[in-house]
Amino acid sequence: MAETAPLHVLIIGAGVVGLTLAQALKKNGISFSIFERDRRADARFQGWGITIHWALPELEECLPDGLCERLLEVQVDPEHGKVDKGTFLFLNMKTGEINQTVPPSRRLRLNRESFRELLMEDIPIQWNKQFVGFERTLDGVTAFFKDGTTASGTILIGVEGSNSATREGLCPETFQLQPIPVRGVGLATRLTPERIAPLRAIDPLLFMGMHPDTEDFFWFSVMETPTNNPGGDNCYTVQFTVSWAFKDPSGKDDVSRGSCARLENMKQRASHFAEPFRSAILAVPGDTPVIEIKLGDWPCLEWDNRGGRVTLAGDAAHAMTIYRGEAANHGIVDVVKLVAALNSVREGTSTLKKAVDGYETEMRKRTVPAVLLSRQACLDAHDWKRVQAGNSPLLAMRVLE
């Protein structure tokens, strides 16, 4: 029987998973400090929407009842969310026809930033704290920040996303993301009810597709409706994403520099799409910001957790591509497993080292296959024959294995 030990957790990163961890620790009465490098919403871009599906029970386990009840408020379309059947369509972008359907499942499609704001409630985030390193001490761990300050605790958990500085400290030789030969760009734009109607007639929330000749991939999703759009102009905010296989090393397939050139490239690719997709993209205003979506992953390689004093969760531990929409779901499961491990230490039934080792073992077993499935889904999203073969993870049902 291990000794009961007081715990203080240092959380590096206040994204969705980091904040879920903070809420879960608070719910379980475990002391913590949470640090984030920048208060600005756009300083930590991770995408515009997020789908929670098979991890919904785990998310509800992490949050206090009051926040659970308000999850419905931060859906991209609260009204449609009441009747959503979990439909997920894959289209032939040349003809506009439905090509295949991903098996439906219970889900919540959330506006990521609104969800993050909800998770911030009653969480004392320490802002403008850029993490630069850690040091194990005799009885814990110390975090160092760029402003010269430090913080000490029992355990440090890096949850700062796919380019985690904590991961770099733990894995100085292997921390970098593994590149994938796919390039992509994305934008957010506002559409009137009339302009969005033909897109919403296909699916009110989201759909994806591929052109069988060019093998360009397209993603559409609603981010906000007139009922929850802060613009107050009766418009919808939507996301368009286009991605393509990187085949030409001469630079032809690279993402262009600057939003104007990226938008022009997106419109050129969309010129081969069927209606209503072609017109929707060609009508995007020329001054619309277009970002590069960098595609790479990190399949939860081994690291030395410094006697259980430093570990990772979420994208920091298992970065994966967007093409199966599972990253946040695995991050939420990480939180449940990690809090259970810390509770076993607090209750004296495990040492910190044993508990953290057990958490990492389970996480690797669960997420290494998930990273590889998401990688294959990314590649398949630009390979028409692979998708038509009928066994692609791009179109498989999203379930926790």
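This is a predicted model: local features need pLDDT of at least 70, side-chain atom pairs count only at pLDDT 80 or more; totals for chains, interfaces and linings use all residues.
Me: Why is C62 called buried?
Reply: Buried means under 20% relative accessible area. C62 has 2% relative accessibility, so it counts as buried.

Me: What makes C235 buried?
Reply: The cut-off is again under 20%. C235 has 13% relative accessibility, and therefore counts as buried.

Me: Where is T321 found, and is it buried or exposed?
Reply: T321 is in the loop between α10 (315-318) and α11 (327-346). Its relative accessibility is 3%, so T321 counts as buried.

Me: How do you know that T321 has a polar contact with S374?
Reply: A polar atom of the T321 side chain lies 2.8 Å from the backbone oxygen of S374, and the limit is 3.5 Å. S374 is also among the residues T321 touches, as are I180, L295 and R375.

Me: Why is strand β15 described as largely enclosed by the rest of the structure?
Reply: Strand β15 (residues 217-224) has eight of its eight residues buried, which means that it is largely enclosed.

Me: What makes β14 and β16 paired with β15?
Reply: Pairing takes at least two bridges. β14 (residues 206-210) and β15 have five, in the antiparallel sense, with M208 bridged to W219. β15 and β16 (residues 236-245) have seven, also antiparallel, with V222 bridged to V238.

Methods
Residues are numbered from 1 along each chain as its sequence is written. Side-chain values use heavy atoms; hydrogens and water are left out. Buried means under 20% relative accessible area, exposed over 50%, partly exposed in between (1.4 Å probe, protein chains only). Helices (H or I, at least four residues) and strands (E, at least two) are DSSP runs, numbered from the N terminus. A polar contact is a pair of N or O atoms within 3.5 Å; within protein, one must be able to donate a hydrogen and the other to accept it, and residues adjacent in sequence count only if both atoms are side-chain atoms. Contact means heavy atoms within 4.5 Å. Lists of a residue's contacts leave out its neighbours within four places in sequence.
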